[in-house]
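Hi there,

Here is the structure I promised to pass on to you. Have a look at it first, and then read my notes below.

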Amino acid sequence: MATSYPYFTKNEFFHIKKDYGVIAKNRVLDYQKTISSYKALSKENQLLKVNFYLNQLLPQYDDIVQNKVDYWASPKEFLMIGFGDCEDYVIIKYFTLIKLGFDKEKLFFTTVFEKHLRSYHMVLSYFDKNGKAPLILDNLSFRVLRLDVRKDLKADTFINESGVYRLKDNKLIKIETHSPKFEELHLRVKKES
């Protein structure tokens, strides 16, 4: 079910301009206009456009942007600041796709091991078809490909509101009932809504 979040009120625009500057205000206005223009597109084109558009925001590590390690920024925070790390891209893509009407039950924050960088990374998975590997939205790639095609990624965990999962034979197996970081993010998002 589609929601309006992230949506900015006139009062919020005033504070964005005052606290973050004209560039941040224009970035937020462009986001709202651009995402709204995607509503009439097919789901496949929405995935491609959202991934491409949001990947144009600049990457930056949490310890530089937030003065914290492993901070999950809300979509509003990410848009106002204009910088983020892989988790922040996943979060804004997740909420943007829900805004466009995607089923949140099919979207998962996914921790992966990125084989070329030899480090853990986060991507957004979309399970569009039962029994098929999920489609991957990744800030390191402008292409949206199935996980089984992304030989550079080894999936670890899949997280959403319903719990934490592992993938076996393209089926999700629940390993935890909830993710504290996911729940903390949702509490902050509720306060912003």
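Predicted model: local features only at pLDDT ≥ 70, side-chain atom pairs only at ≥ 80, totals over all residues.

If you want a pair to look for, Phe-113 stands opposite Tyr-120 of strand 4.

Strand 3 also pairs with strand 7 (residues 153-160), again in the antiparallel sense, over six bridges. Here Val-112 has Ala-155 in strand 7 as its bridge partner. Buried means under 20% relative accessible area. Seven of the eight residues of strand 3 (residues 107-114) are buried, so this strand is largely enclosed by the rest of the structure.

Now for the wider picture. These strands belong to an open sheet of seven strands with antiparallel pairing, in the order 6-5-4-3-7-8-9. Strand 6 (141-146) and strand 9 (171-176) are the edge strands, each pairing on one side only. On average, neighbouring strands of the sheet are turned by 35° against each other, direction ignored.

Val-164 has Glu-176 in strand 9 as its bridge partner.

Finally, what packs on the sheet? Helix 3 (residues 43-54) does, touching strand 4, strand 5 (135-138) and strand 6. The direction of helix 3 makes about 145° with that of strand 6.

Technical notes
Residues numbered from 1 in each chain as written. Heavy atoms only, no water. Buried < 20%, exposed > 50% of the residue type's maximum accessible area, 1.4 Å probe, protein only. Helix = DSSP H or I, 4+ residues; strand = E, 2+ residues; numbered from the N terminus. Pairing = 2+ DSSP bridges. Axes fitted to C-alpha atoms, helices over the stretch in contact; angles between N-to-C directions. Contact = heavy atoms within 4.5 Å.
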